[in-house]
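Please open the structure in your viewer and keep the sequence panel beside it. The tour below moves from the whole chain to a pair of elements and then to a single residue.

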Amino acid sequence: MSPPSSGGVRGGAKCPPLLPPLLIWFTCSTLLSLYNKTLFGSCLKAFPLPLGLTSWHFFLQAVTSRVLTGLYPSTFFAAPATPARS
């Protein structure tokens with residue numbers, strides 16, 4: 001019996017490349033944080049509801065991730081491994 005390889009294969013199927021979507025998510029999240037920083041700063045008269053705006057952004061991120069995992073479940077969830085028959 002040979003040890004399982006970790007060459008990007010899960011349950012006999014190739015794993016989808018998740019690096020581009022993760023980089024896009026990270027970039028958008030960073031840009032959103034920088035945008036919030038400019039809104040909360042003194043240069044734009046200090047946005048009056050920083051906690052409300054941050055909560056709204058977190059809510060939108062949660063909805064977006066829920067929609068994406070619902071539309072593309074095979075990308076985000078691994079299929080159950082089937083036991084090998086001898």
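Each stop below says what to select and what is found there.

Begin with the whole protein, which is a predicted model, and colour it by pLDDT: the mean is 73, and 69% of the residues reach 70 or more. In a cartoon view, look for 3 helices and 2 strands, which follow the pattern β-β-α-α-α when read along the sequence.

Buried residues make up 6% of the 86 residues.

Now select helix 1 (residues 19–40) together with helix 2, and look at how the two pack, at an angle of about 165° and with their axes 11 Å apart. Because of that angle, helix 1 is roughly antiparallel to helix 2, and the crossing is right-handed. Show side chains where they meet: the residues of helix 1 taking part include W25, L32 and F40, while those of helix 2 include P50, H57 and S65.

Finish on H57, which lies in helix 2 (residues 50–71). Is H57 buried or exposed? Its relative accessibility is 13%, so H57 counts as buried, the cut-off being under 20%. Leaving aside residues up to four places away in sequence, H57 touches L32 and N36, both of which belong to helix 1.

How values were computed:
Residues are numbered from 1 along each chain as its sequence is written. This is a predicted model: local features need pLDDT of at least 70, side-chain atom pairs count only at pLDDT 80 or more; totals for chains, interfaces and linings use all residues. Side-chain values use heavy atoms; hydrogens and water are left out. Helices (H or I, at least four residues) and strands (E, at least two) are DSSP runs, numbered from the N terminus. Buried means under 20% relative accessible area, exposed over 50%, partly exposed in between (1.4 Å probe, protein chains only). Contact means heavy atoms within 4.5 Å. pLDDT is the predictor's confidence in each residue, from 0 to 100. Axes are lines fitted to C-alpha atoms, for helices over the stretch in contact, and angles run from 0 to 180 degrees between N-to-C directions. Angles under 35 degrees count as roughly parallel, over 145 as roughly antiparallel, 65 to 115 as roughly perpendicular and the rest as oblique. A crossing is left-handed if the near helix is turned anticlockwise from the far one by less than a right angle, and right-handed if clockwise.
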